[in-house]
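This report describes how parts of a predicted model meet.

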Amino acid sequence: MKKVIVLLLSILLALSVTAGLAEGTVNVFNWEDYINEDVIRLFEEETGIRVEYMNFTLNEDMMVQVRTSPGKFDVVFPSDYAIERMIAEGLLQPIDFEKVPNAAQILDWLQNPDYDPGHEYSVPYMWGTVGILYDTTKVDEPITSWGALFDEKYKDQVFMLDSPRDTLGIALKYLGYSVNSKNPVEIKEAADLLIEQKQKGIVKAYQVDETKDKMVAGEAALALVWSGDAQYAINLNPNLAYVVPQEGSNVWVDGMVIPSTAPNVENAHKFIDFLSRPDIAQMNVEYIEYSTPNVGAIELMGESYEGNPNLNPAQDVIDNCEFFHDNHDVKVLYDTFWGMVKNAK
Amino acid sequence: MNNMALPPWASWVMLVGFMGFIGMVAVSIRRNRGVKRSLFAFPYGLWIVLFTLIPLLLIAYYAFTNKTGGFTLDNFKTFWDSNYEMRKQMLDLGVNPQDLGIARGNVNLDTLLYSLWMAFLCTLICLVMGYPAALFMADRSFKLGATLVVLFIIPMWMNFLLRTIAWMSLLEDNGLINTLLAAMGLPKMRLMYNSQAVLLGMVYNYLPFMVFPIYNSLSKQDRRLSEAAMDLGANSALTFLRVTMPLSLPGVVSGITMVFMPSVTTFFIPRVLGGGNTEMFGDLIERTFLSADNWNVGSALSLIMMVLILISLTLLRKADPEGEGSGTL
Amino acid sequence: MSKFMKRGYLALVLLFLYVPIIVLIVQSFNAGVSRAKWEGFSLQWYERLFNSPSIMNALYITVTIALLAAAIATVIGTLAAIGMHAMSKRPQGVMLTLTNIPMTMPDIVTGISLMLLFIFTQVPRGYFTMLLAHVTFNIPYVILSVMPKLKQMNKFSYEAALDLGATPGYALRRVILPSVMPGVITGALLSFTLSLDDFTISYFTTSPLVQNLSTLIYSEARKGIKPTMNALSALMFVALLVLLLAVNRRASLAHES
């Protein structure tokens, strides 16, 4: 019996020390399926550093993991507002840009983003917009405004995003307010608009992951989507088109950051620099098909990328968009109003 | 939220203590022949305390505290009035919620009532569908009974998420059923993005849990009882009503328990088959914990759920005091 | 009611249970990714399946967790049932009520409460915590499978064995275990099944590093579910079906002879 106990104990202890303390590893925490796996292999071959790769599906969930498992992650890929929040909570350490020379490849307008003032803590990885994906066989007018999503003509033909921030955000934008509004009156107005949209039977479903496949299958005429999902769907169904409405929209960035508790800081810098190298960034863009912040990669891809307005929108479209900002002081407003929208009958 | 966490070594001390304890009990059972047999339940008792009771206490702790760890009942007020927290926040922002017409909110309560109603319907349909199935399977003249039980289990070995997604590909507007209808020249039907589709997905997932216990209690029945009834002149319908059915009631009660309980907190199915148009209580708890990142209100909702379930359990216990039907297979 | 109608009804119920599974299997042979359109027969998803390290790893984790959790839960649960059976009425009642708590607790509450425990005690979530969670929800099912068999057993045979000089361990092995074995096997099988199918509790108790098939499928949905998962399910389905039918056949052969 004693032997069994000793054995159990040693297994337990072994489990506790394997958490990435060894030299020569980098613990990467990224969105699911958000990297070209060949890139990881190449990095391991070139540097001899082993990559421990982990996935998350929600910024909120990721932040809980980073808070509650200190010392577990070296490079994390949060979105803009999450970066802002993590900086405020002291979860991140400044990046030593001397060790990330390839960060110079970042597009001008992303060099000093307002979610990371002074550009100290993050290097952009991918970015994109929020817009309308529509089926040209079901829509015979040019779509230019968010108003199409609220038009009774498209009764039972609209997919909305099952995400309070994005859906309330575009309703705010349609009403002429900021996607970051902290004004209860404006947020309520946006919620009322969405409730009316639902009560009129315009919305077919609120979903996130299922939308792109369903648009490919022709399940609805219009859908609120992220540009990356739009590109995926358009590749599979050429009848689909994507537009960022004239009222403006949300532009989002997923960045690379180093948690303040990262055990392998050196390797984390190497990894971030590697992903910012133009040829590597190109490999990732061509696999993920989101917009890249990397000038070198854009040059390498040439017309195939530059000529695609979904991935490479004109600068005035981008200028018309806003980043999301950390809104935790009004989060309860967004979440409560969202509950009302979801449960409106 | 983490300021209350124990130091890292504490968990290891607890685990080591736990393992050591099990070891001691095992050793004493081996050495001391006078040891009481009831001590065999000891490891389990400890397990329950560590992995069921303490986690429940943690839920209770979060439910009765606010973000800074102070005692509060606000989380329960938020259950009763879903706008409660929001109104407080608005006042902090200097806006009077009354000016905006924000009164008491029914969202959480409505979601609970809707979930109970859906769970009730699901249980009813499962019972109506499952009882005859169990009855026919338990029929002595039907030799395949045992094999059929296996056939009822196998679908549960396919991943639950994939099974639900498979229903989606059947029910979509351009899904298999509608494609078939269209090929036959019939009009397409709206089969999903509504409550009926959610109900279908629930019945599909929980039906086996109704069939097993009923089958179990029916197949255990002494056949001579119904034969005696027939000999005494009862026809088969009367025999069923007065003998077979009453004797199978414990199985029915346990079937109802096993279907109703998980039905109330169904999640994922409403999102996939209902198009996220109406939430059930499971979705609400998940959204509150993960997306809204509000562990306190999420815990309060979970606690309310638990209490409701314990109450219904006690009521059902009265109907089946021996727990006879609960042998599952 | 005629035999024919009874069987017809059973066939209908089974059809209802199997339609989505047939759909899943057919989709796994579809050349395209579309769920509704048939684009020709292909084995490409099976090929990709075996070349995907993440799926293979998730399969390994799912199966080992299911086996380990079933084994541990069966040992603890069987011992617990034997112990509870020997208790006097009151403590037994308390234990039975406690056993019912995890069984009736909604999965989502079980998952979240365990997540809070692991975060609170700073045990890093991963393989080990997922295993603990699976054992936790399995034990009650083992107990409830073993208890009825214990009730059917002669109450005094264990004491008789002790009086005749057997050690408790020997009496346990030679007297109690053989008579409760069918219940133990049922409990183990049930545990394995529950563990294999669990999504909710695993979702909350594991880390992103350790994914079982359910959590992998859930997170894959972000990029659109590929038929590779269907291929895997189809393979698992056929393997388990063959296994079960073999066991069943052996059992019925043994029964006849």
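## Contact between chains B and C

The contact draws 75 residues from chain C and 78 residues from chain B; two residues are in contact if their C-beta atoms, placed from the backbone, lie within 7 Å. On the side of chain C that touches chain B, the largest share comes from helix α1 (residues 3–28) of chain C, with 12 residues. Helices are DSSP runs (H or I, at least four residues), numbered from the N terminus.

That side of chain C divides into 54 nonpolar, 17 polar and 4 charged residues. Here Ala, Val, Leu, Ile, Met, Phe, Trp, Tyr, Cys and Pro count as nonpolar, Asp, Glu, Lys and Arg as charged, and the others, Gly among them, as polar.

## Basis of the model

The model is predicted: local features need pLDDT of at least 70 and side-chain atom pairs count only at pLDDT 80 or more, while totals for chains, interfaces and linings use all residues. Residues are numbered from 1 along each chain as its sequence is written, and chains are lettered from A and ligands numbered from 1 in the order in which they are written.

## Domains of chain A

Chain A is assigned domain 1 (2–127 + 252–319) and domain 2 (129–250 + 323–342), with bounds from an automatic or database domain assignment. The C-alpha centres of domain 1 and domain 2 of chain A lie 28 Å apart.

In chain A, 17 residues of domain 1 are in contact with 15 residues of domain 2. Helix α4 (residues 80–88) of chain A gives the most to the domain 1 side, with 5 residues. By class, that side has 10 nonpolar, 2 polar and 5 charged residues.

## Helix α2(B) with α5(C)

Helix α2 (residues 42–63) of chain B packs against helix α5 (residues 107–120) of chain C at an angle of about 85°, with their axes 8 Å apart. Axes are lines fitted to C-alpha atoms, for helices over the stretch in contact, and angles run from 0 to 180 degrees between N-to-C directions. Therefore α2(B) is roughly perpendicular to α5(C) (65 to 115 degrees; under 35 is roughly parallel, over 145 roughly antiparallel and the rest oblique).

Residues of α2(B), including F51(B), I54(B) and Y62(B), meet residues of α5(C), among them L114(C), L117(C) and F120(C). This contact comprises 11 nonpolar, 1 polar and no charged residues.

## Helix α5(B) with α1(C)

The axes of helix α5 (residues 107–138) of chain B and α1(C) come within 10 Å and cross at roughly 125°, which means that α5(B) is oblique to α1(C).

M129(B), P132(B), A133(B), F136(B) and M137(B) in α5(B) meet K6(C), Y9(C), L10(C) and V13(C) in α1(C). By class, the contact has 8 nonpolar, no polar and 1 charged residues.

Technical notes
Helices (H or I, at least four residues) and strands (E, at least two) are DSSP runs, numbered from the N terminus.
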